[in-house]
Amino acid sequence: MFLETDFFQQLALTRQYLHQHPELSGEEIQTTAFIKDFLQKENITVLETELKTGVIAEIGTSDGPTIGLRADIDALPITEETQLPYTSVHPGVMHACGHDFHTTSLLGAAIILKKNEARLPGKIRLVFQPAEEIFQGAKQVMDAVDLSSWSAMVGFHNAPELPLGAIGARASKQMASVDRFFVTIQGIGTHAAHPDQGSDPIVTGSQIISNLQAIISRHIPASEQAILSVTHVNAGNTWNVIPDKFQFEGTIRTFDETLRKKIIDQMKKIVTHTAESFGQIATIDWITGPGPVNNDPKLFKQLSLAIPAIAKETVALKSNLGGEDFAFYQEQVPTFFASIGTGKGIPLHHPAFLIDDEALVYSVNYYLKAVETLFDLLLV
Ligand code: NI
C-alpha cells in the first residue's frame, strides 16, 4: 500500500504534538478535544456518547459488517527524560507507553478510510480509548457503546524491543491476565521488648510472603507460565514498637483462566490460614484486571496471512506477562491484537522511552490491511 511522504510527515507532527501534551488516565480532556477536532476537520462523524474522555467515531455508509479499530490515548505519571524538542510540557506526565503513537496511527488510518468511504462494504468504528493504563478505559467504552453487533475489533501495541516495522501476533498466550491484591494483617501492637503482650503482624506477614512463592513453584505445572509478585510492603514506623498492622500488595499474572483461579484460591488459603495460625485476621482486597489477551482463531488465521504484505518483517512473538485492557473487548467481540516494532530499544514506561515516527508507515498500514482483510473474511 503506497502512501505519500508528505502524509507521514504531517502525521509525525501530529504524533509529536500529542507527545508534548500528555494527559493521565481518565483526564484526557485536551487529547479528546484534539482528536474530535482532527476528525471533524476530515468530515468524520464523531458519535455522541457518555464517555467523559475518549472518542468514538464512524466511517462508512453501507449496512455491511462493523469493524472496530482501537487506539489507547492516555499517558503515565512519569517525568520525561528524553531531551526531545517536543518533550512533555506537562510536568510529571509522559507518553512513555507510546499511546501518542497509537492515537496518531488511528488518526492516519481514519483519513485514508474516509477517502475510500464510498467503497467500504460496511462500517468502521474508530475507538480512541481512554484510561488503558489503569485498566478502566475498555470497560468505559463497553458501557458507552453497544458492541454486540460488531463483527471484529483490532488493536495493537508498539514494541520498542522489535525492529522498526516488524509485526507479530500469537495464536494464543499473547499477553497475561492481571490481578492486583492488597493484604492487611491485623495484629496487636506492643513494646518491642514484650512481643508476648501483643500479636506481631510482621512475623505473620513475612511468613505469608515467603509461602506465597510456593504457589507458583508447587501448584503450577512447570510447562505453564505464571507470576506472583509482592511489590510493596508497609508496617511500623520505628525500631522499638511492634506495630498493629502489616500490609502488602502485588500482582498475579498468567495466560490461563483456570490457573488464574487456582492461584487466587491458593493465595486466599495461605493468607487466611497463616494469619489464623498466629491468632490474627487477614483481609484481601482484589482489583480484578483484564484477562489474558488471546486472538480469535479465525481472525488470527486470516490476518497472520495478510500482515506480512505490509510489515517490514514478521516476527515470532514471545508471550508477554504484561497486561492489556484490550482483553475486555474479547468478552463481546472477536478480536485481534498485534505488536508493531518501533525499534528504539528503550523499554515501555521508561522515562527516556522513544518512538521512531517512521513506524507510523507500518502502524497505519496495519489498520488498513486489517480492514481490507476482515471485510473480505466477513463478506464471504
Ligand atoms: Ni501501553
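This is a predicted model: local features need pLDDT of at least 70, side-chain atom pairs count only at pLDDT 80 or more; totals for chains, interfaces and linings use all residues.
Let me start with Asp 179, which, once neighbours within four places in sequence are set aside, is in contact (heavy atoms within 4.5 Å) with Gly 250, Thr 251, Ile 252, Arg 260, Ile 264, Ile 287, Thr 288 and Gly 289. Residues are numbered from 1 along each chain as its sequence is written, and side-chain values use heavy atoms, with hydrogens and water left out.

Asp 179 sits in strand 7, residues 177–186, where strands are DSSP runs of E with at least two residues and helices are runs of H or I with at least four, numbered from the N terminus. With a relative accessible area of 2%, Asp 179 is buried, a term that means under 20% relative accessible area, against over 50% for exposed and in between for partly exposed, with a 1.4 Å probe and protein chains only.

Now to the metal. Which residues are the protein donors of the nickel ion? They are Cys 97 through SG, His 99 through NE2 and His 157 through NE2, at 2.1 to 2.3 Å from the ion; donors here are N, O and S atoms within 2.8 Å of the metal (3.2 Å for Na, K and Ca), and since water is not among the atoms, sites may look incomplete. The spacing of the donor residues in sequence is C-x1-H-x57-H. Cys 97, in the loop between strand 3 (66–72) and helix 3 (99–115), and His 157, in strand 5 (residues 150–159), are 60 residues apart, and the pair links distant parts of the chain. Cys 97 counts as buried because its relative accessibility is 6%, and His 157 is likewise buried, at 8%.

Turning to the domains, whose bounds come from an automatic or database domain assignment, domain 1 covers 5–174 + 292–378 and domain 2 covers 177–288. Their centres, taken over C-alpha atoms, are 37 Å apart, and the contact takes 11 residues from each of the two domains. About 900 Å² is buried between them, 66% of it from carbon and sulfur atoms; buried area is the accessible area (1.4 Å probe) that two parts lose on being put together, summed over both. Within domain 1, Lys 173, Pro 292 and Leu 321 lose the most area to domain 2, together 69% of what that side buries.
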